[in-house]
Amino acid sequence: MIRLAPALSLALVLLAATLAPATAQERRPSHCIALADAAPGIEYLHKAGYRDPLPDHTVRIRYVTHASFLIQAGGLSAVTDYAGFLGSAPFVPDVVTMNHAHSSHWTPSPDPRIPHVLRGWGDEAGPADHRLSLDGALLVRNVPTDIRSFSGREVGGNSIFIFEVAGLCIGHLGHLHHEPSEAQYAAIGRLDVVMAPVDGGMTLDLPTMIRVLKRLKAQVVLPMHWFGRSTLEVFLTGMSDEFEIEVSQEPELTLSLRKLPRTPKVLVLPPRYMQYQD
């Protein structure tokens, strides 16, 4: 009998799991905590309303306001840094995440119809610890970070939320106040898409934020939490040596694992509330 070395056996198991076909009821495995090469090519589909159906293994991301993005895939929806208002459209997401560094990132009275409200800050028991799996199609988890506070520092006061869906790993940095530690970088893993605050002061200073994003190496960076074109332009200039820069006229895009950009890209989406006519 031929005996395989433990490391080789594990590699074969992981390879088999990666090649196994996904069903409609299963979350297509992402590579957040694994090494993977970016797939070639990209297609951004603009002017696709949030009510429109999505092809299999495709994700729609819409910039709603400030730090709130709508993420849709597989018939499920999540909203980041939900502050209680998404627009005039009668829409209730399946999941919302919140951070409480400022009132524009959370609400004490979320819509009671929302099935899952994930708070990014901890309590007396410790930092927030979320790992929510919905219908086997969407996994939402968090990596706690600290924030500045009146007392100096609130440990675990912010969460970087990770959304694993349709084979993609999508990260939202929340109200990030410091560069992640080595352990936090490891917990975040490999990101395909990242939403990053680029105000340059209330969150991280721009040189540090740019360093963080270049280390994360996401193929798509979506700037958020910017208060004027001047700060945004400084950020774009700082990223332009390693990232392509695109400014969209539409608030949303659709993408899939097979259609990520070959060259990393910063895509500026204009925020737009969800309206009846969308």
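The model is predicted: local features need pLDDT of at least 70, side-chain atom pairs count only at pLDDT 80 or more, and totals for chains, interfaces and linings use all residues. Residues are numbered from 1 along each chain as its sequence is written, and side-chain values use heavy atoms, with hydrogens and water left out. The protein chain has four helices and 14 strands; helices (H or I, at least four residues) and strands (E, at least two) are DSSP runs, numbered from the N terminus. Of its 278 residues, 50% count as buried, where buried means under 20% relative accessible area, exposed over 50%, and partly exposed in between (1.4 Å probe, protein chains only).

**Contacts across the chain**

- Among contacts between residues at least 6 apart in sequence, 60% join residues at least 24 apart; contact means heavy atoms within 4.5 Å.

**The disulfide**

- The structure holds one disulfide, a term for a pair of cysteine sulfur atoms within 2.5 Å.
- Cysteine 32 is joined to cysteine 169, with an S to S distance of 1.7 Å.
- Cysteine 32 lies in the loop between helix 1 (6-19) and strand 1 (59-65), and cysteine 169 in strand 9 (residues 168-172), so the pair ties together parts that are 137 residues apart in sequence.
- The disulfide is right-handed because the torsion about the S-S bond is about 120°.
- Cysteine 32 is buried at 2% relative accessibility, and cysteine 169 is buried with a relative accessible area of 0%.

- Lysine 217 follows helix 3 and has a positive phi, near 60°.

**Packing of helix 3 on helix 4**

- Helix 3 (residues 206-216) and helix 4 (residues 229-239) pack at an angle of about 45°, and their axes are 10 Å apart. Axes are lines fitted to C-alpha atoms, for helices over the stretch in contact, and angles run from 0 to 180 degrees between N-to-C directions.
- The two helices are therefore oblique to each other; angles under 35 degrees count as roughly parallel, over 145 as roughly antiparallel, 65 to 115 as roughly perpendicular and the rest as oblique.
- The crossing of helix 3 and helix 4 is right-handed, a crossing being right-handed if the near helix is turned clockwise from the far one by less than a right angle, and left-handed if anticlockwise.
- From helix 3, Leu206, Ile210, Leu213 and Lys214 meet Thr231, Val234, Phe235, Gly238 and Met239 of helix 4.
- By class, this contact has six nonpolar, two polar and one charged residues. Ala, Val, Leu, Ile, Met, Phe, Trp, Tyr, Cys and Pro count as nonpolar, Asp, Glu, Lys and Arg as charged, and the others, Gly among them, as polar.

**Aspartates with positive phi**

- Most residues other than glycine have a negative phi.
- Aspartate 81, not a glycine, has a positive phi of about 40°. Aspartate 81 lies in the loop between strand 3 (76-79) and strand 4 (95-98) and is buried at 0% relative accessibility.
- Aspartate 135, also not a glycine, has a positive phi of about 55°. Aspartate 135 sits in the loop between strand 6 (131-134) and strand 7 (138-147) and is exposed, with a relative accessible area of 61%.

**Two buried strand residues**

- Glycine 157 is in strand 8 (residues 154-165) and is buried, with a relative accessible area of 0%.
- Leaving aside neighbours within four places in sequence, glycine 157 is in contact with Asn99, His100, Gly120, Trp121, Thr145, Asp146 and Ile147.
- The C-alpha atoms of glycine 157 and alanine 101 are separated by 7.3 Å, while the residues are 56 apart along the chain.
- Isoleucine 61 is found in strand 1 and counts as buried at 0% relative accessibility.
- The C-alpha atoms of isoleucine 61 and leucine 222, 161 residues apart along the chain, are separated by 9.9 Å.
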